[in-house]
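Please look over the sequence and the structure before reading the points below.

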Amino acid sequence: SDLSVEDIGSEMGFSRVQLYRKVKALTGKSPVEFVRERRLERAQQLLLDSSYNISEIAYKVGFSSPSYFTKCYKDLYGTSPTSVRE
């Protein structure tokens, strides 16, 4: 959850603006959206393949709030994480 666009950019040798432009050109998404979607993809794998509860999964993939995780998950996949488990 502490990962920031600035951190990613500095690790890659880009400024925040350069990173934004590169990621947007390659994916059509902002760096924040791209990272969030990767986190949610990993969360979906954990929901299907593990026995962790939803809060644990939210924290493991980098969300600091299980309720925000649920909102983002539902926005992306159209269903709640709880319904995936059922």
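**Overview**

Arg 16 and Glu 6 form a salt bridge, with 3.5 Å between the closest N and O atoms. This pair links distant parts of the chain, since Arg 16 lies in helix 2 (residues 16-27) and Glu 6 in helix 1 (residues 5-12), 10 residues apart. The model is predicted, and the structure holds five salt bridges.

**Salt bridges**

- Side chains of opposite charge can pair when their charged atoms come close.
- In the pair between helix 2 and helix 1, Arg 16 is partly exposed, with a relative accessible area of 48%.
- Its partner Glu 6 is partly exposed as well, with a relative accessible area of 43%.
- Arg 38 forms a salt bridge with Glu 41, and the closest N and O atoms are 2.7 Å apart.
- Arg 38 and Glu 41 are three residues apart in helix 3 (residues 31-49), so about one helical turn separates them.
- Arg 38 has a relative accessible area of 30% and is partly exposed.
- Glu 41 is also partly exposed, with a relative accessible area of 37%.
- Arg 38 also meets Glu 37 in a salt bridge between their side chains, at 3.8 Å from N to O.
- A network of salt bridges links Lys 29, Glu 37, Arg 38 and Glu 41.

**Nonpolar core**

- In soluble globular proteins, nonpolar side chains tend to be buried together.
- The largest nonpolar core of this model has 12 residues in all, among them Leu 40, Leu 47, Ile 54, Val 61 and Tyr 73.
- Helix 3, helix 4 (54-60) and helix 5 (66-77) are the elements that give two or more residues to this core.
- Helix 3 gives the most to the core, with four residues.
- Ala 58, Phe 63 and Phe 69 are among the residues of the core.
- Ala 58 is in contact with Phe 63, Pro 66 and Phe 69, leaving aside its neighbours within four places in sequence.

**Largest pocket**

- Rolling a probe the size of a water molecule over the atoms shows where empty space is left.
- The largest pocket holds about 230 Å³ of space.
- It is lined by 15 residues, of which Leu 3, Val 32, Val 35, Arg 36 and Arg 39 are the closest to its centre.
- Helix 1 and helix 3 each supply at least two residues of this lining.
- The largest share of the lining, five residues, comes from helix 3.
- The lining of the largest pocket divides by class into eight nonpolar, five polar and two charged residues.

**Second largest pocket**

- The second largest pocket holds about 160 Å³ of space.
- Its lining includes Ile 8, Met 12, Leu 19, Lys 22, Thr 27, Phe 34 and Val 35.
- Helix 1, helix 2 and helix 3 are the elements that give two or more residues to the lining of the second largest pocket.
- Helix 2 supplies the largest share of this lining, with five residues.
- By class, the lining of the second largest pocket has nine nonpolar residues, one polar and one charged.
- Val 35 belongs to the lining of the second largest pocket, and Val 35 is also one of the lining residues closest to the centre of the largest pocket.

Technical notes: Residues numbered from 1 in each chain as written. Predicted model: local features only at pLDDT ≥ 70, side-chain atom pairs only at ≥ 80, totals over all residues. Heavy atoms only, no water. Salt bridge = Lys/Arg side-chain N within 4 Å of Asp/Glu carboxyl O. Buried < 20%, exposed > 50% of the residue type's maximum accessible area, 1.4 Å probe, protein only. Core = buried A, V, L, I, M, F, W, Y, C linked by side-chain atoms within 4.5 Å. Contact = heavy atoms within 4.5 Å. 1 Å grid on protein atoms, 1.4 Å probe; cavity = no way out; pocket = protein on both sides within 12 Å on 5 of 7 lines; lining within 4 Å. Points joined across faces, edges and corners; volume = space filled by probe spheres on them. Nonpolar A, V, L, I, M, F, W, Y, C, P; charged D, E, K, R; others polar.
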